[in-house]
Amino acid sequence: MTSSRSPRPPVLLVVLGCLGLVFFAVPFIGLLGRVPWSDLPALLSGPVVGDALRISVIASVAAAAIALVIGVPLAWLLARAEFPGKPIVRGIVILPMVLPPVVSGAALLFALGRRGLVGEPLEEATGLLLPFSLWGVVVAAVFVATPFLVITVEGALRSMDRRREGAAATLGARPWTVLRRVTLPAIAPSVLAGLALTWARAFGEFGATITFAGNLQGRTQSLPLAVFVALESDRDTAIAISLVMVVVSVAVLVALRDRWWGAL
Amino acid sequence: MARRAIRKKLRGWWPTALILLAACAQTTRPQGDTGLEREVLVSAAASLSEAFAEIEAAFEAAHPGVDVVANLGASSTLREQILQGAPIDVFASANIANMDQVVSAGMTAGEPAVFATNLLQIAVPAGNPGDIAGLEDFARSELLIGLCVAEAPCGAFARQALASAGVVASVDTNEANVRALLVKIELGELDAGITYVTDVLSAGGTVAGVPIPDEHNIVAEYPIVVLADAPHPSAAAAFVAFVLSTEGQAILGEYGFSSP
């Protein structure tokens, strides 16, 4: 009577959990139900989709690469270095993750736009204009997506066994060598997982992109922007692009299943 | 044992409780002081933002207890929301084409009425840094030029005007709606764009207007209608009547719209 061998989950939890599952599943079923399967090749081979795919791939890969270069050092500093105002620094770095993307886009415009705080001197000095350019798409994606890499890598740095680093240092390895030969290999799976999340976020970026970089086919119109525009004019194309994005995102999640859950 | 028994008894109550809840929701259907519903949901073209804000305030003052909730965006976005079943009471579009799609879907209660007209104007940042004199300057590739997306009325009209003037514009961005375009001109991020006369007026001193000659300009007609599935039909009818009234027309006039 008192011992329950296999604990049965409380009915309420099961009901609410199922409700949650339905909530997440129904939109995808709705999308799949609208996919014009037979026209799919024709819809996806149009010039708008091709241009948008090219921009999305270039911008998201470039954003992930830049995120790696600036995100891993940030994560290391946040996990290992002691400096004043660290919670504030972490807050600033994580903020774009929770901020509405359109706010991020507006902030980028005020800072890096043509009349922006940094943008104006930058244009005068180099002639480089970020808004309405592919660089703008990349910058928007880096801004909103890098936090995913930072928190993933910082978590891994905090949870890794630091005795090996200590041992390497005792054996005379310089800090840089310890980082390169011990630390980075140990957290490599998490870096990869963070990188994939960052890439996926950059691939799906919409709000900051349209606000900061504008929307022009072949220059700044990424796949999500193309979906947004096509929804009002050519719904079948919009649904076809959406399907592509769902498939790509699912593929990333599946590919990372073990690494991502293992890393946490 | 006892607790389990109580839980079992309670379980039986769930459906009853749900029915009671539903009944409560039914009986407390909100009614305003004037016999109108407490709310009216208005989907209005982005270019109507300021004018409708004032109309909203005046209508709420005339009908205490009724709350006007405005949903602003490109008419094409609003049309799509309505066609997909959004529970909207009133649709005010910036062109006839988007309204026609809602009418032919059989989703309107009665015929739409044109309540305002508007004209296109070139909008430039204060001081006109790109030195824009007319539509022909839209071909200059060294400038940053923005239009609305072709799906939005402002984008469709702007393309008609450019085509009429024989200008192939060197466009750098197609903004989602006229207000998004206006903001980028206000900020000086774009050298020029094509908006409505009313938008330039609403931006005050931050944006200057360059007229488009009549032979290339487009008269934008704004139709308004109560939707067939309006959740608040009487408040919706009252709102539409107010927009068409002398008082509503006067407010629209203040913001640069013309009476049809």
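Me: How many residues does the contact take from chain B and from chain A?
Reply: This is a predicted model, in which local features need pLDDT of at least 70, side-chain atom pairs count only at pLDDT 80 or more, and totals for chains, interfaces and linings use all residues. Residues are numbered from 1 along each chain as its sequence is written, while chains are lettered from A and ligands numbered from 1 in the order in which they are written. Two residues are in contact if their C-beta atoms, placed from the backbone, lie within 7 Å. Chain B gives 15 residues and chain A gives 15 residues.

Me: Which elements of chain B each supply at least two residues of the side that touches chain A?
Reply: Helices (H or I, at least four residues) and strands (E, at least two) are DSSP runs, numbered from the N terminus. The elements that qualify are helix H3 (75–83) and strand E6 (173–175).

Me: How do the residues of that side of chain B divide into nonpolar, polar and charged?
Reply: Ala, Val, Leu, Ile, Met, Phe, Trp, Tyr, Cys and Pro count as nonpolar, Asp, Glu, Lys and Arg as charged, and the others, Gly among them, as polar. The side of chain B that touches chain A divides into five nonpolar, five polar and five charged.

Me: What percentage of chain A is buried?
Reply: Chain A has 13 helices and zero strands, and its C-alpha trace spans about 75 × 65 × 30 Å along the principal axes. A residue is buried if 20 or more other C-beta atoms lie within 10 Å of its own, exposed if 12 or fewer, and partly exposed in between. Of the 264 residues in chain A, the buried ones make up 34%.

Me: How many of the eight residues in H8(A) are buried?
Reply: H8(A) covers residues 163–170 and is hardly covered. After this helix comes A:Gly172, with a positive phi near 100°. The count of buried residues in H8(A) is zero.

Me: Which residues of H9(A) meet H8(A)?
Reply: On the H8(A) side the residues are A:Arg164, A:Glu165, A:Ala168 and A:Ala169. Their partners in H9(A) are A:Val178, A:Arg181, A:Val182, A:Thr183 and A:Ala186.

Me: What share of chain B contacts with a separation of 6 or more joins residues 24 or more positions apart?
Reply: Chain B has nine helices and nine strands. Of its 260 residues, 48% are buried. Residues 24 or more positions apart account for a share of 79%.

Me: How far apart are the C-alpha centres of domain 1 and domain 2 of chain B?
Reply: Domain bounds come from an automatic or database domain assignment. For chain B that assignment gives domain 1 (39–116 + 221–254) and domain 2 (118–219). Between the two domains, the contact takes 15 residues from domain 1 and 15 residues from domain 2. Their C-alpha centres are separated by 26 Å.
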